Amino acid sequence: MTTKELIKKVLFVEIIAGLALTLKHLFTPAVTRQYPKEKREPVPGARALHALAKNDEGQAKCVGCGLCAAMCPSQCIYIYTSEGEDHKKVVDRYEVDTLRCIFCALCVEACPFGAVVLTEHFEYSDYTREAFYYNKDRLLENWDKYMAGEKGKVYFEKFWGPKSKDFALAGNKSEDRENS
Ligand code: SF4
Ligand code: SF4
């Protein structure tokens, strides 16, 4: 032990410094929020409840390619498709089991059409497991509730837009961005 360390120990320097810090914080305002009475502003680009994006005509953007489900590490996205008119793929069911989701947003990154998003809405506790199983209708409703209008646009422009021009297909977010 050096002389300096010895003097510090004898004079309780570190203890006094610790007490001084405690004393200082006794007179500063508390930073603890009294949730749920006090809430933070929503964080844009947050990874909370899922939604399926709609295009300007109010139709689901999802084409049922299955990339999001393939990328999902929790395997909690279920997509069921069938063949419609003109041999077009129809998305019959799109479901997310949010209880298994780890909110990594890989599904959002994987989607070349900007068709699936994670909204800012995180307050959706419930009493049954079924309530956390989101089908296509509920996911589209989430878009209207939490992402419609400018919010959805900003979400992709600022946070989750794919960079590759290879994905610049009709109604795709890359193309929207380039034309805007
Ligand atoms: S956020 Fe991650 S875990 Fe959740 S559905 Fe998307 S890919 Fe799966
Ligand atoms: S959300 Fe995107 S990646 Fe997933 S099936 Fe639909 S279009 Fe494909």
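**Fold, ligand shells and backbone features of the predicted model**

Lys136 lies in helix α5, where helices are DSSP runs of H or I with at least four residues and strands are DSSP runs of E with at least two, both numbered from the N terminus. The structure is a predicted model, in which local features need a pLDDT of at least 70, side-chain atom pairs count only at pLDDT 80 or more, and totals for chains, interfaces and linings use all residues. Residues are numbered from 1 along each chain as its sequence is written, chains are lettered from A and ligands numbered from 1 in the order in which they are written, and side-chain values use heavy atoms, with hydrogens and water left out.

At 22% relative accessibility, Lys136 counts as partly exposed; buried means under 20% relative accessible area, exposed over 50%, and partly exposed in between, with a 1.4 Å probe and protein chains only. With neighbours within four places in sequence left aside, Lys136 is in contact with Leu52, Ala60, Val91, Asp92 and Tyr94, contact meaning heavy atoms within 4.5 Å. Lys136 and Ile79 are 57 residues apart in sequence, and their C-alpha atoms are 9.4 Å apart in space.

The protein as a whole has seven helices and five strands. Their order from the N terminus is α-α-β-α-β-β-α-β-β-α-α-α. Of the 180 residues in the protein, 31% are buried. Among contacts with a separation of 6 or more, 64% join residues 24 or more positions apart.

Confidence is expressed as pLDDT, the predictor's confidence in each residue on a scale from 0 to 100. The mean pLDDT of the protein is 87, and 89% of the residues reach 70 or more. Strand β5 (residues 133–134) has the highest confidence, at 98, and helix α7 (residues 173–179) the lowest, at a mean of 43. The pLDDT is below 50 over residues 169–180, a stretch that has 27 contacts in the model beyond near neighbours in sequence.

Two ligand shells were examined, a residue being near a molecule or strand if one of its heavy atoms lies within 4 Å of it. Around ligand 1 there are 13 residues, of which Cys72, Cys101, Cys104, Ala105 and Cys107 come nearest. This shell of ligand 1 divides into 11 nonpolar, two polar and no charged residues. Here Ala, Val, Leu, Ile, Met, Phe, Trp, Tyr, Cys and Pro count as nonpolar, Asp, Glu, Lys and Arg as charged, and the others, Gly among them, as polar. Ligand 2 is surrounded by 13 residues, and the closest are Cys62, Cys65, Gly66, Cys68 and Cys111. The shell around ligand 2 comprises 11 nonpolar residues, two polar and no charged.

Several backbone features were noted. Most residues other than glycine have a negative phi, and most peptide bonds are trans. Ala105, in the loop between β3 and α4 (106–110), has a positive phi near 70 degrees. Ala105 is buried, with a relative accessible area of 2%. His87, in the loop between β2 (77–83) and β3 (89–97), has a positive phi near 60 degrees. His87 counts as exposed, at 67% relative accessibility. The peptide bond from Tyr35 to Pro36 is cis, with omega near 5 degrees, and Pro36 lies in the loop between α2 (13–26) and β1 (50–52).

Phe12, which follows α1, has a positive phi near 55 degrees. In α6 (residues 150–160), Gly152, Tyr155, Phe156 and Trp160 are buried. These four residues lie on the same side of α6 because they cover an arc of only 85 degrees around the axis, the arc being that of the directions from the helix axis to the C-beta atoms. Glu150 and Lys158, on the other side of α6, are exposed.

Ala148 lies in the loop between α5 (136–147) and α6. Its relative accessible area is 39%, and Ala148 is partly exposed. Ala148 and Gly58 are 90 residues apart in sequence and 10.0 Å apart in space, C-alpha to C-alpha.
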